[in-house]
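The following questions and answers concern the structure shown below. They proceed from single residues to the packing of the fold.

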Amino acid sequence: MTTDTDSDDPIRIAFVCVQNAGRSQMSTAFAERERERRGLADSLEILTGGTDPADEVHAGVIDAMAELEFDLSDRTPREVTTAELRSCDYVATMGCSTLELGDVDGVDVRDWALPDPDGGDPEAVREIRDEIERRVAALFDEFSDAP
């Protein structure tokens with residue numbers, strides 16, 4: 001999908017998992033950083049949510065992201081609707097989403113099929129975190145000319 005970043009409508013990206021307490025929260029944090037690094041603050045919106053949100057972000061995820069100087073301790077998982085996702089240009093699910101978007105015109109849906117970090121040992125959570133960081137950067141490379 002080719003997205004015109006010069007249009008008046010911002011690019012909308014969503015990161016979704018069932019609980020919105022691990023992988024999608026990490027993805028969102030990395031996307032926020034990429035948006036800032038690439039100067040896309042005025043042209044890119046980031047959405048995150050889950051179909052059955054947890055009460056809080058997983059402790060192991062907070063710890064792993066803190067190692068990279070991201071503070072997720074104040075984030076709260078939220079519910080996301082199919083309607084919200086249909087308004088997006090890109091939707092990345094983490095391999096656990098129960099949302100059925102089907103073949104929606106204009107929405108590039110990707111299932112990253114990542115393991116759930118909840119309850120994982122710190123090294124496993126770091127591996128998932130690092131893979132998410134790579135995938136978010138690659139996604140941004142698709143529509144951004146900035147390094």
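Q: Does E69 count as buried or exposed?
A: The model is a predicted one. E69 lies in the loop between helix 2 (59-66) and helix 3 (82-86), and its phi is near 70 degrees, a positive value in a residue other than glycine. A residue counts as exposed over 50% relative accessible area. Because E69 has 78% relative accessibility, it counts as exposed.

Q: Does N20 count as buried or exposed?
A: N20 has its place in the loop between strand 1 and helix 1, with a positive phi near 55 degrees. Most residues other than glycine have a negative phi. The cut-off for a buried residue is under 20% relative accessible area. At 0% relative accessibility, N20 therefore counts as buried.

Q: What is the order of the four strands in the open sheet?
A: The pairing in this sheet is parallel. Strand 2 (44-49) and strand 4 (108-111) each pair on one side only, as the edge strands. The strand order is 2-1-3-4.

Q: Which residue in strand 4 is the bridge partner of V91?
A: Strand 3 (residues 90-93) pairs with strand 4 in the parallel sense, over four bridges. In strand 4, the partner of V91 is V109.

Q: At about what angle does helix 4 run to strand 1?
A: Helix 4 comprises residues 122-143 and lies across strand 1, strand 2, strand 3 and strand 4. Its direction relative to strand 1 is about 160 degrees.

Technical notes
Residues are numbered from 1 along each chain as its sequence is written. This is a predicted model: local features need pLDDT of at least 70, side-chain atom pairs count only at pLDDT 80 or more; totals for chains, interfaces and linings use all residues. Side-chain values use heavy atoms; hydrogens and water are left out. Two strands pair if DSSP finds at least two bridges between them. Helices (H or I, at least four residues) and strands (E, at least two) are DSSP runs, numbered from the N terminus. Contact means heavy atoms within 4.5 Å. Axes are lines fitted to C-alpha atoms, for helices over the stretch in contact, and angles run from 0 to 180 degrees between N-to-C directions. Buried means under 20% relative accessible area, exposed over 50%, partly exposed in between (1.4 Å probe, protein chains only).
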